[in-house]
Amino acid sequence: MNARRHSVGSAPMPTVWDYLDSFRAYMRAEKKSENTVLRYTDTVGVFLDRLQKPARELTKRDMQEYKEFIAAKYCENSMSTMIAAINHFTANILERPDLDLKAPRRVDKPGLALTEDEVQAILK
């Protein structure tokens with residue numbers, strides 16, 4: 001069975017897999033690490049799956065609704081990474097920079113400082 005849907009009188013409509021393959025190739029051409037390629041591709045796959053509509057039909061409202069969805073589940077730093085992936089996808093694969101989402105401000109979490117005695121205790 002052919003994985004592409006066809007409309008009468010138009011070019012084949014790309015599938016989610018086509019978009020993800022294109023995005024993966026784009027990320028690798030940009031010399032992103034394989035970890036980043038995997039994380040961003042997975043993020044975009046979940047995003048497209050959740051929307052349940054062709055990627056070319058995305059609206060600003062769809063984008064805002066997805067942002068609200070992830071805001072209810074994830075912290076600011078996770079959201080920032082997810083939004084960066086989606087923004088790269090919409091700008092570079094869909095060529096729709098108008099769909100750009102504003103990421104929440106990243107939160108710096110202070111590290112836990114150990115005393116020299118605590119470090120020595122851990123090493124023993």
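Begin by selecting Q52, which counts as exposed at 63% relative accessibility. The model on the screen is a predicted one. Q52 is found in the loop between helix 2 and helix 3. Its backbone deserves attention: Q52 has a positive phi of about 55 degrees, although it is not a glycine. Most residues other than glycine have a negative phi.

Next, select K31, which lies in the loop between helix 1 and helix 2. Is K31 buried or exposed? At 73% relative accessibility, K31 counts as exposed, because the cut-off for that word is over 50%. K31 is not a glycine either, yet its phi is positive, at about 65 degrees.

**The whole chain**

Now display the complete chain and colour it by secondary structure. Of the 124 residues in the chain, 28% are buried. Consider also the contacts with a separation of 6 or more: 51% of them are accounted for by residues 24 or more positions apart.

**Helix 2 and helix 4**

Select helix 2 (34-51) and helix 4 (76-92) together. Two packed helices are described by the angle between their axes and the distance between the axes. At what angle do helix 2 and helix 4 pack? The angle is about 80 degrees, and the axes of helix 2 and helix 4 are 9 Å apart. Helix 2 is therefore roughly perpendicular to helix 4, because angles from 65 to 115 degrees are given that description.

To see where the two helices meet, show side chains on both. On helix 2, select R39, Y40, T43, V44, F47 and L48; on helix 4, select T81, M82, A84, A85, I86, H88 and F89. The residues of this contact between helix 2 and helix 4 divide into 9 nonpolar, 3 polar and 1 charged.

**The nonpolar core**

Keep F47 and F89 selected. Which residues have the most contacts inside the largest nonpolar core? They are F47 and F89, and this core has 25 residues. The elements giving two or more residues to the core are helix 1 (16-29), helix 2, helix 3 and helix 4. Centre the view on F47: leaving aside residues up to four places away in sequence, F47 touches L58, M63, Y66 and I86.

**T41 in helix 2**

Move to T41, which is also found in helix 2. At 4% relative accessibility, T41 counts as buried, because the cut-off is under 20%. Which residues does T41 touch, not counting those up to four places away in sequence? They are L20, F23 and R24.

**D62 in helix 3**

Finish at D62, whose place is in helix 3 (residues 60-71). With a relative accessible area of 11%, D62 is buried. Display its side chain and look for two partners. One is K53: the side chains of D62 and K53 make a polar contact at 2.8 Å. The other is T59, whose backbone nitrogen is reached by the side chain of D62 at 2.9 Å. With residues up to four places away in sequence set aside, the residues that D62 touches are L51, K53 and E57.

Technical notes. Residues are numbered from 1 along each chain as its sequence is written. This is a predicted model: local features need pLDDT of at least 70, side-chain atom pairs count only at pLDDT 80 or more; totals for chains, interfaces and linings use all residues. Side-chain values use heavy atoms; hydrogens and water are left out. Helices (H or I, at least four residues) and strands (E, at least two) are DSSP runs, numbered from the N terminus. Buried means under 20% relative accessible area, exposed over 50%, partly exposed in between (1.4 Å probe, protein chains only). A polar contact is a pair of N or O atoms within 3.5 Å; within protein, one must be able to donate a hydrogen and the other to accept it, and residues adjacent in sequence count only if both atoms are side-chain atoms. Contact means heavy atoms within 4.5 Å. A nonpolar core is a set of buried Ala, Val, Leu, Ile, Met, Phe, Trp, Tyr and Cys residues joined through side-chain atoms within 4.5 Å. Axes are lines fitted to C-alpha atoms, for helices over the stretch in contact, and angles run from 0 to 180 degrees between N-to-C directions. Angles under 35 degrees count as roughly parallel, over 145 as roughly antiparallel, 65 to 115 as roughly perpendicular and the rest as oblique. Ala, Val, Leu, Ile, Met, Phe, Trp, Tyr, Cys and Pro count as nonpolar, Asp, Glu, Lys and Arg as charged, and the others, Gly among them, as polar.
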